[in-house]
Structure formats: C-alpha cells, structure tokens
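This report describes the fold of one chain. The sequence and structure come first, and the description follows.

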Amino acid sequence: MSEQITEHNSPARWLPAENATREINKVLEKPRKVYVTRKVHFNAAHRLFNPTFSDEKNCQIYDVCNNFYGHGHNYELEVTLSGIVDKETGYLFDLKVLKKILEEEILSKVDHKHLNFDVEMFRDTVPTAEVIAVVFWEVLSQKLKTMNLKGVDLYEIRVFESERNIATYRGE
Ligand SMILES: [Zn+2]
C-alpha cells in the first residue's frame with residue numbers, strides 16, 4: 001500500500017510555490033574560487049628513446065621504457081580547471097563539456113595507440129609522463145582559448161603513468 005502524500009511527507013515540501021522569488025545560491029554571493037577535476041583513463045604504448053643519445057645511454061636512462069618495440073601503460077589523466085563558481089548554475093564549468101573535450105582532443109588520439117608512432121602531438125618528443133603532461137596542457141589550453149571562457153582557467157594536469165608514478169604540470 002502506498003503511503004499517502006501529505007503536506008508533511010511530501011518530498012517537495014521544501015520547494016514552495018514562491019520558490020521563484022527566492023534568492024538561490026546566496027552562499028555564492030561572495031566569490032568562491034573552486035577547482036573541478038575530470039579524470040579519464042587511456043591505454044597507450046610508448047618507447048622512451050632519445051635519438052641524440054647512444055644505445056647504451058638510452059638503455060641506462062630509460063631502462064624498461066627503452067624496450068625496442070615499446071611497451072604499454074594504463075594511464076590515468078586528471079584535468080583540473082579553476083575559477084569562480086557561477087551563482088546561477090552553481091557550476092564552475094560543466095564537467096559533461098570537459099568530458100567531451102577530453103574525448104575529442106585527447107582520448108580519440110591517444111587511446112590504444114603507440115605514442116611515438118601514431119600520435120602527431122608526440123612527434124619528436126620523448127613521451128615521458130612529464131612530456132605527456134606538458135603536451136596535453138598545450139592542446140587543452142589552446143582548445144579552451146577558442147571557447148573564450150570568462151574566469152575559467154586550466155589549473156593543473158596530472159598524468160599517472162602507473163599508480164605510483166605521477167607527473168603534474170601547472171603551466172609554469
Ligand atoms: Zn614506460
């Protein structure tokens with residue numbers, strides 16, 4: 001038997017009719033700087049190899065990551081934006097939009113690819129986690145610039161090459 005909806009148990013009882021005249025998100029009257037992060041995952045292969053080094057030096061510096069045919073990593077990528085939360089929407093930036101940007105600008109190009117051979121943005125780089133973070137920064141800051149966002153900045157990019165090895169870049 002369904003419970004009868006009364007004035008006291010109605011789930012909408014805190015949304016009275018005069019709601020439209022109420023001030024929403026008063027807590028945002030004072031500008032609040034917030035950081036929002038979207039986390040995504042991709043798999044890719046790379047070979048760490050600097051053609052200006054000897055084979056011995058490459059092997060010594062990059063060790064297993066110097067393997068001739070490359071090897072794979074399960075990468076995690078975290079992209080953080082910063083800025084003042086919009087009083088009306090309560091959003092800093094719609095994370096569904098950031099998700100779409102990351103899919104189009106990054107994941108569609110790197111997921112299940114060999115970074116050294118398949119991915120234009122890594123041409124003539126040694127794709128370490130540090131370099132990947134910087135290259136992604138360039139791609140994403142360019143993209144955000146074209147969107148002409150007011151008061152939203154790219155704050156940080158973190159590339160997790162493994163659970164324990166992480167590179168962080170903040171555009172400095
Ligand atoms: Zn590696």
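In which sense do strand 1 and strand 2 pair, and over how many bridges? Strand 1 and strand 2 pair in the antiparallel sense over 14 bridges. Strands pair when DSSP finds at least two bridges between them.

The model is predicted: local features need pLDDT of at least 70, side-chain atom pairs count only at pLDDT 80 or more, and totals for chains, interfaces and linings use all residues. Residues are numbered from 1 along each chain as its sequence is written.

**Elements and sheet**

The chain has four helices and five strands. Here helices (H or I, at least four residues) and strands (E, at least two) are DSSP runs, numbered from the N terminus. From the N terminus on, the elements run β-α-β-α-β-α-α-β-β.

The five strands form an open sheet with the order 3-1-2-4-5 and mixed pairing. Strand 3 (113–114) and strand 5 (166–169) are at the edges with a single partner strand each, so one side of each has no neighbour in the sheet.

| Strands | Sense | Bridges |
|---|---|---|
| Strand 1 and strand 2 | antiparallel | 14 bridges |
| Strand 2 and strand 4 | antiparallel | eight bridges |
| Strand 1 and strand 3 | parallel | two bridges |

Individual bridges can be named for these pairings. N43 has N74 in strand 2 as its bridge partner, and L77 has V159 in strand 4. For A45, the bridge partner in strand 3 is H114.

Two helices pack on the sheet. Helix 2 touches strand 1, strand 2 and strand 3, and its direction makes about 20° with that of strand 1. Helix 4 touches strand 2, strand 4 and strand 5, and its direction makes about 155° with that of strand 4. The angles run from 0 to 180 degrees between N-to-C directions, with axes fitted to C-alpha atoms, for helices over the stretch in contact.

**Core**

Of the 172 residues of the chain, 16% count as buried. A residue is buried if 20 or more other C-beta atoms lie within 10 Å of its own, exposed if 12 or fewer, and partly exposed in between, with C-beta atoms placed from the backbone.

The largest nonpolar core holds 21 residues, and L77, I132, A133, F136, I157 and V159 touch the most other members. Such a core is a set of buried Ala, Val, Leu, Ile, Met, Phe, Trp, Tyr and Cys residues joined through C-beta atoms within 7 Å. Strand 2 (71–84), helix 2 (95–110), helix 4 (129–146) and strand 4 (152–160) each give two or more residues to this core. Helix 4 gives the most, with five residues.

Leaving aside neighbours within four places in sequence, A133 is in contact (C-beta atoms, placed from the backbone, within 7 Å) with I157, V159, A167, T168 and Y169. Among contacts in the chain with a separation of 6 or more, 69% join residues 24 or more positions apart.

**Helix 1**

None of the eight residues of helix 1 (residues 55–62) is buried, so this helix lies largely in the open. N58 lies in helix 1 and counts as partly exposed, with 19 C-beta neighbours inside 10 Å. Beyond its neighbours within four places in sequence, N58 is in contact with F49, N50, F53 and N66. N58 and L48 are 10 residues apart in sequence and 7.9 Å apart in space, C-alpha to C-alpha. Just after helix 1, D63 takes a positive phi of about 50°.
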